[in-house]
Amino acid sequence: MFKYHINIFYSKDDDGFIADVPDLRGCSAFGETPEEAAREVLIAIELWIDAAESIGKEIPEPMYRPAIYKTYQIV
């Protein structure tokens with residue numbers, strides 16, 4: 001089971017919350033609450049992976065890390 005990073009943010013235009021998965025291009029979901037968006041994007045991840053497998057597309061390894069988790073080397 002892959003563990004992908006999920007971004008959840010409020011969208012004023014949509015008047016709700018968007019959850020997206022940076023490692024899976026185009027994989028996102030909407031919810032009226034952050035919790036609903038998170039539940040919906042977990043379903044979207046499964047569907048994204050199933051669809052990719054069905055057409056022989058490579059499933060990317062989880063790579064995305066928000067800047068707050070990145071390590072920087074100062075020279």
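Which residues does Glu40 touch, not counting residues up to four places away in sequence? Before the answer, a word on the basis of the description: this is a predicted model, in which local features need pLDDT of at least 70 and side-chain atom pairs count only at pLDDT 80 or more, while totals for chains, interfaces and linings use all residues. Residues are numbered from 1 along each chain as its sequence is written, and side-chain values use heavy atoms, with hydrogens and water left out.

Glu40 touches Ala29 and Phe30, where contact means heavy atoms within 4.5 Å. Glu40 and Phe30 lie ten residues apart in sequence, yet their C-alpha atoms are 6.9 Å apart in space. Glu40 itself belongs to helix 1; helices (H or I, at least four residues) and strands (E, at least two) are DSSP runs, numbered from the N terminus. With a relative accessible area of 35%, Glu40 is partly exposed, on a scale where buried means under 20%, exposed means over 50% and partly exposed is in between, for a 1.4 Å probe and protein chains only.

Helix 1 covers residues 34–54, and its 21 residues should span 30 Å at 1.5 Å a residue, which agrees with the 30 Å between its end C-alpha atoms; the expected span is 1.5 Å times one less than the number of residues. Seen down the axis of helix 1, the buried residues fall within an arc of 135 degrees, so they line one face of the helix, the arc being that of the directions from the helix axis to the C-beta atoms. These buried residues are Ala37, Val41, Ala44, Ile45, Trp48, Ile49 and Ala52. An α-helix has 3.6 residues a turn, so residues three or four places apart point the same way. On the other side of helix 1, Arg39, Glu46, Leu47, Glu53 and Ser54 are exposed. After the helix comes Gly56, whose phi is positive, near 75 degrees.

What covers the buried residues of helix 1 includes strand 2 (16–20) and strand 3 (28–31). These two strands pair in the antiparallel sense over four bridges, pairing being assigned if DSSP finds at least two bridges between two strands. Within this pairing, Gly31 of strand 3 is the bridge partner of Phe17.

Strand 1 (residues 7–11) contains Ser11, which is buried, with a relative accessible area of 11%. Leaving aside neighbours within four places in sequence, Ser11 is in contact with Gly16 and Ile18.
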